[in-house]
Amino acid sequence: MLLIKNGKIKTMAGPDIENGAVLIGDDGKIIAVGENVNAPSSAEMIDAGGRLVTPGCVEAHCHIGVHNSAMRWEGADYNESSDPVTPHMRAIDGINPMDETFDLALKSGVTSACTGPGSANVVGGTFVAIKLAGKRIDKMIIKDPLAMKCAFGENPKGVYGQNGKKSPVTRMATAALLRELLAKAKNYLAAKENGKEPPFDMKLEAMIPVIKKEIPLKAHAHRADDIFTAIRIAREFDVLLTLDHCTEGALIADELAAEGYSAFVGPSFGAKSKIELENKSFATPGALHAAGVPISIITDAPVIPLEHLPMCAGFAVSNGLPYEEGWKAITVNPAEQTGIGHRVGSLVPGKDGDVVIWNADPLTVIGTTAYATIVDGKIVYRDGQAK
C-alpha cells in the first residue's frame with residue numbers, strides 16, 4: 001500500500017481538502033481520500049509537506065509514441081500517407097513506449113494520454129487511451145479502440161491534393177470520401193446482421209464500432225466551416241463525434257453549445273503555421289466554457305510537447321478560463337469526455353491510483369514539475385529521478 005499524507009488535495013470530484021491523505025491499495029486502486037485516513041503501519045508513505053496533490057493529468061488528443069522525439073523520418077509512424085482512407089490502422093501497432101517523451105510527461109504530471117494517427121488522412125485509424133508508465137504497450141492500455149480519427153481542412157488536401165493528382169483536392173472531396181466510407185460500413189454491418197455475410201473487408205470491419213456508436217469519430221477540425229461539416233456528417237449517419245482542435249470554436253460558441261459535442265481545444269501555443277490557424281488563441285477555452293461547451297485542453301503533442309499540458313491550462317486560465325475549470329480541462333473533463341472517467345481523472349475510491357504531488361501549482365507557476373508522480377499506486381518519478 002501507498003499512503004500520501006499532509007497534502008492539499010484537489011480531488012476533482014468535490015471540494016479541495018486543505019490537509020488530507022490518499023491511500024492506494026496493492027492492486028493500484030484508490031482505497032480512501034480524506035482528512036483522516038487509516039493506513040496499516042506497513043504502508044509505504046510519502047509526506048507531501050503541504051504540497052498540492054491532484055489526479056494525474058489526462059491528455060485527450062496527441063500522438064505520443066507514434067511520433068517519436070528524434071527529428072528523423074524513422075520517428076514518424078503516425079500518418080500512413082499511402083491512402084487517404086485507412087480506418088484499419090491501429091495506434092497500438094505504432095507506439096514506442098521507450099521514447100523519452102513518456103518520461104518527460106510523467107515528470108510533468110501527465111499520466112494518461114489518448115494517442116493515435118495524425119491528420120494526413122481523411123480517416124486515419126483508431127486512437128487508444130494509455131498510461132504513460134510502462135515498457136509494453138499491451139500492458140499500458142486503458143481503452144482500445146478509443147475513437148476513429150478523421151480529418152477535415154488543410155491537412156488531407158495538402159497531402160493528397162498536391163498538384164491535383166489524387167483525391168482529396170477539395171474540402172468537398174474530403175467530406176465525400178468520409179460519407180462513402182460510412183455508407184459502405186453501414187451497409188456492410190446491415191448485411192452481417194441480416195445473415196448475408198459479405199466478403200471480409202478489413203476497413204469496413206474497423207468502422208463497425210463507429211456505426212454501432214461504441215466509439216466516436218475523432219474529428220480534426222480547425223476552421224468553423226470544417227467543424228460544421230463534421231457535425232453535419234455525424235448527424236447524417238447517426239454516429240458519435242468529438243471536435244478536436246476546434247480552433248475557431250469561439251466564433252461559433254453559441255452554435256456549438258446548442259449541439260452538445262465536447263471540444264478538445266488546442267494546440268494553442270506557438271506560431272500560426274497555416275491559414276486555418278488564423279484565429280488560434282488561448283482565449284478560446286474560456287469563450288467555449290462561458291457558452292456552455294464542455295472543454296478539454298490538448299497539446300496535440302508533438303506540436304506542443306506533452307509535458308507542457310499543465311502550462312497550456314495555465315495560459316488558458318490567464319486568458320479567461322476560470323481557475324477550477326483549468327484544472328478540470330486537464331483531468332476530469334478529458335477523462336469523462338473520452339470514456340475513461342471510470343478509471344482516471346479524479347481522486348475517488350475505486351479509481352486507479354494515478355496521483356501527482358506538485359512542487360508548485362503548475363497553472364500559476366510556469367515550468368513547475370512534479371515532486372512525485374504515481375501511476376497505478378507505483379511511484380514512477382520522485383525527487384528528480386525517474387523510477
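Some ground rules. This is a predicted model: local features need pLDDT of at least 70, side-chain atom pairs count only at pLDDT 80 or more, and totals for chains, interfaces and linings use all residues. Residues are numbered from 1 along each chain as its sequence is written, and side-chain values use heavy atoms, with hydrogens and water left out.

Let me start with the aromatics. How many aromatic pairs does the structure hold? Three. Rings of Phe, Tyr and Trp (its six-membered ring) pair if their centres lie within 6.5 Å; planes under 30 degrees apart count as stacked, over 60 as edge-to-face and the rest as tilted. Take F269 and F315. Their ring centres are 6.0 Å apart and their planes stand at 15°, so this pair is stacked. F269 sits in the loop between β12 (263–265) and α7 (284–291), while F315 is in helix α8 (residues 309–318), so the pair ties together parts that are 46 residues apart in sequence. On the naming: helices (H or I, at least four residues) and strands (E, at least two) are DSSP runs, numbered from the N terminus.

Next, F282 with F315. This aromatic pair is edge-to-face, at 5.2 Å centre to centre and 65° between the planes. F282 also comes from the loop between β12 and α7, and F315 from helix α8, so here the parts tied together are 33 residues apart in sequence. Put together, F269, F282 and F315 form one aromatic cluster.

Are F282 and F315 buried or exposed? Both are buried. F269 is partly exposed, at 44% relative accessible area. The cut-offs: buried is under 20% relative accessible area, exposed is over 50%, and partly exposed is in between (1.4 Å probe, protein chains only).

Now charges over rings. The charged end of R51 sits over the ring of Y371, 3.7 Å from its centre. K218 places its charged end over the ring of F127, 5.1 Å from the centre. The test is that NZ of Lys or CZ of Arg is within 6 Å of the ring centre and within 35 degrees of the ring normal.

After α7 comes G292, with a positive phi near 100°.

Compare helix α1 (residues 100–107). Its buried residues are T101, F102, A105 and L106. Which strands do the buried residues of α1 pack against? They pack against β7 (110–115), β8 (123–131), β15 (370–375) and β16 (378–382). G109 follows α1, and its phi is positive, near 85°.

Strand β6 (57–62) is next. Six of its six residues are buried, so β6 is largely enclosed by the rest of the structure. β6 and β7 pair in the parallel sense over four bridges. Two strands pair if DSSP finds at least two bridges between them. C62 stands opposite T115 in β7.

Between β6 and α1 runs a loop, and T86 is in it. T86 counts as buried, at 2% relative accessibility. Its side chain reaches the backbone oxygen of G124 at 3.3 Å. Leaving aside neighbours within four places in sequence, T86 is in contact (heavy atoms within 4.5 Å) with E80, N121, V123, G124 and G125.

Look from the other side. G124 is in strand β8. G124 is buried too, at 6% relative accessibility. Not counting residues up to four places away in sequence, G124 touches T86, M89, P117 and K149. What separates the C-alpha atoms of G124 and E80? They are 44 residues apart along the chain and separated by 7.4 Å.

Last stop, A224. This residue lies in helix α5 (residues 224–237). A224 counts as buried, at 12% relative accessibility. Leaving aside neighbours within four places in sequence, A224 is in contact with E248 and I252. A224 and M98 are 126 residues apart in sequence and 38 Å apart in space, C-alpha to C-alpha.

Definitions and conventions:
A polar contact is a pair of N or O atoms within 3.5 Å; within protein, one must be able to donate a hydrogen and the other to accept it, and residues adjacent in sequence count only if both atoms are side-chain atoms.
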